[in-house]
Amino acid sequence: MSDTSDGRDAGDARDAAEDARGKGATGGTGGTADAGSAGGSGSTGSPGSAGGAEGGAWSSGAAAGEAGGPARSARSAEPRESRERPAARGPRARARSGEPVEVPPLVGAAQVAGAPQAGSAARGGGGATGGRDSWGHPLPAEHTPLLADLRLDPPGPVRTATLWAVLATGLLSMLLLGDGLALNLLIVAVPATLAAYFAAQKGGRRPRAWSLVWAVGGLGLLVVPALRDAGWPSFLAIVSSIALGSLALHGSRTWIGILLSPFGIFDAILTGVRWGWRGVRERGGGARGAGPVLRAVAVTVVLLVVFGALFAGADAAFADLLGDLIPDASVSGSPWRVLLLVVGVVGALAVAHTAASPVRWDRLVVNPGRARGRVEWALPLIVLNVLFAAFNVVQLTVLFGGYDTVLDKTGLSYSDYARQGFWQLLLATLLTLVVIVFALRWAPRDSAQDRTLVRAVLGTLCVMTLVVVASAVRRMDMYVEAYGLTRLRISVVSVELWLGVIVLLIMAAGIWGAQWLPRAVAASAVAGVLAFGLLSPDALIAERNVQRYEETGKFDFDYTRQLSADAVPALDELPEPERSCALKKIAEGLESDGEPWFATSLGESRARRIIEERPVSVDPGFCGESRDDSYSSY
């Protein structure tokens, strides 16, 4: 072989080695990074022992030099630039070209189910967490949205039916929500629900049984403001309805999914607006596509205003009908109406976008805790069960009529004994649930004997907790007998009863499995809020205090004046002048002109009718003092 041929062969080998070193410096991805990316896959005697990819390239160059022949001559005849391999591209370049980009998993106890481990991206040499350019410099980390691994594919084009439902939601919000909250909330929620249904249908999602339960429950909770005048149960029902609607949109099943579902709607506010605007532009035929739609809406409004005014002037009955149906749209309230329109449209778009592309919160998985040994796990719980048993023996004695003995030993009065114990027992119930949660996380689970031990110990603790719940409820009942019923008292008793329901559900989960437990707890909370609103707490408070007045002659007028119009039917049963004293403040609040029918609750309507039939008339000096000096706001 000639000197020229030998020199050319050596040049070929050097070219191949330089190509391989360039590829190793850029951190090759995909199939080019198999052994070399781990480093050291080449033999220690080869020139590329410092890196597997480099060693492999050097071996390829040597083999090419030894093989000779036409292939070698053709390679050596090509310019060097045409034989250089392109450097591995970073994640930004791959993202622009449409290639898949690896997304780093979430860090912490909660991780995305099925996501690659954090080290896989680094071993591959690319992705969003690293990579190098053609000069060997590290690329900046690629920013990835927090919910990228949790959201489904982006929603498709928005349907026309969805846009009309969104527009109806905005218009109804502008026209109905400015005068108060009652039946109008349910009216506005109907087109928003239709928008979500149309969007989900376009995205290929079919409603499941639990999603239908959550949707019907959310709409059912909006019945509470339509029925009750009291603001506090209505507020609780509205907040619960929003949470339940978000749960219906996401279809979550796990604890994390149920707790985080409301955040998915807030995440979709901006994306939903862009999605809806894109749909409006597409239907208008370009960048100015909103023009025809806006012109059509403007013409419709003008026609309704002109002909509606003419018909109202021609017939007084028709004018009264329009006055009842159409809200007052005065100039002073125009900014408020515009804000309601924007809120309605944006909210409906967020709901529809979430229905089309929900966040899959169930993909967040909490790693199970390290299983403890039997003695380490069971000993503290067994001792706690013994303490609960000792306490419950005393409580059962008291519940079966041993009050006198206990009160003699403690020196407390009947009401003080009841008040002193309730809050401690409520806190004990809450802490017991926390103990059960952590006990299940660290419970031994290696064998059937371990599972039997867990069920026996925690089942005993649950039974003991139910006795504590019964004792707390009984103590509050004693206190109510002494001092009457208030909003705070009825609220904390409701919470205590709901905690007892949760304990029962945990016991059932220990027998039949816990897959259904998160949704069952959520359903029990919804049922409790709905029952709380339908039973009318203010009416119950008034009825109980009227009954106490008939038995003891004590009545607190100061606290009664804080009740809503829901209490009027019960307070109407009082004799005069006590009736007028109790109703005086409520009647003054109802003297103003009534709200429109859609912003007036059933409780307010009934109260107006009762006071109109039997007006309040009493000497102002008679109602100046409370008739119950022992009453407390607690």
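The protein contains 26 helices and two strands; helices (H or I, at least four residues) and strands (E, at least two) are DSSP runs, numbered from the N terminus. This is a predicted model, in which local features need pLDDT of at least 70 and side-chain atom pairs count only at pLDDT 80 or more, while totals for chains, interfaces and linings use all residues. Residues are numbered from 1 along each chain as its sequence is written, and side-chain values use heavy atoms, with hydrogens and water left out.

**The whole chain**

Of the 634 residues, 39% count as buried; buried means under 20% relative accessible area, exposed over 50%, and partly exposed in between (1.4 Å probe, protein chains only). The accessible surface comes to about 34,100 Å², and 64% of that belongs to carbon and sulfur atoms; such areas come from the Shrake-Rupley method with a 1.4 Å probe, and for residues only the protein chains shown count as cover. Among contacts (heavy atoms within 4.5 Å) between residues at least 6 apart in sequence, 77% join residues at least 24 apart.

**The nonpolar cores**

Select Met476, Ile506, Phe555, Val568, Leu571 and Leu574. These residues have the most contacts inside the largest nonpolar core, which has 52 residues. A second, separate core of 12 residues includes Leu163, Ala165, Ala352 and Ala356. A nonpolar core is a set of buried Ala, Val, Leu, Ile, Met, Phe, Trp, Tyr and Cys residues joined through side-chain atoms within 4.5 Å.

**Helix α7**

Move to Ser173, in helix α7 (residues 160-176). Ser173 is buried, with a relative accessible area of 3%. A polar atom of its side chain lies 2.7 Å from the backbone oxygen of Thr169. Leaving aside residues up to four places away in sequence, Ser173 touches Gly178, Val188, Leu340 and Gly344.

**A surface patch on α13 and α14**

Next, select Val299, Val302, Leu303, Val306, Phe307, Leu310, Phe311, Phe318 and Leu321, which form a nonpolar surface patch with about 830 Å² of accessible area together. The elements giving two or more residues to this patch are α13 (290-314) and α14 (316-325), and α13 supplies the largest share, seven residues. Patches are made of residues with over 30% relative accessible area and no salt bridge; like charges are joined within 9 Å, and nonpolar side chains (Val, Leu, Ile, Met, Phe, Trp, Tyr) within 5 Å.

**Helix α18**

Gln424 is placed in helix α18 (residues 414-441) and is partly exposed, with a relative accessible area of 46%.

**Around helix α22**

Ser536 lies in the loop between α21 (517-534) and α22 (537-552). Although not a glycine, Ser536 has a positive phi of about 60 degrees. At 4% relative accessibility, Ser536 counts as buried.

Arg487 lies in helix α20 (residues 487-512) and Asp538 in helix α22, so the pair ties together parts 51 residues apart in sequence. Arg487 is partly exposed, with a relative accessible area of 23%, whereas Asp538 is buried at 0%.

Asn545, also found in helix α22, is buried, with a relative accessible area of 7%. The side chain of Asn545 reaches the backbone nitrogen of Leu485 at 3.2 Å.

Turn to Pro577, in the loop between α24 (568-571) and α25 (578-589). The peptide bond from Glu576 to Pro577 is cis, with omega near 5 degrees. Most peptide bonds are trans.

In α25, the buried residues are Glu578, Arg579, Ser580, Cys581, Ala582, Leu583, Ile586 and Ala587. Their cover includes α22, α23 (557-560), α24 and α26 (602-613). Lys584 forms a salt bridge with Glu588, the closest N and O atoms being 2.8 Å apart. Both lie in α25, four residues apart, about one turn of the helix. Lys584 is partly exposed at 30%, and Glu588 is partly exposed at 40%.

Finish in α26, where Arg608 and Glu604 both lie, four residues apart. Arg608 forms a salt bridge with Glu604, the closest N and O atoms being 3.1 Å apart, and both residues are buried.

Methods. Polar contact = N/O pair within 3.5 Å; in protein donor to acceptor, adjacent residues only side chain to side chain. Salt bridge = Lys/Arg side-chain N within 4 Å of Asp/Glu carboxyl O.
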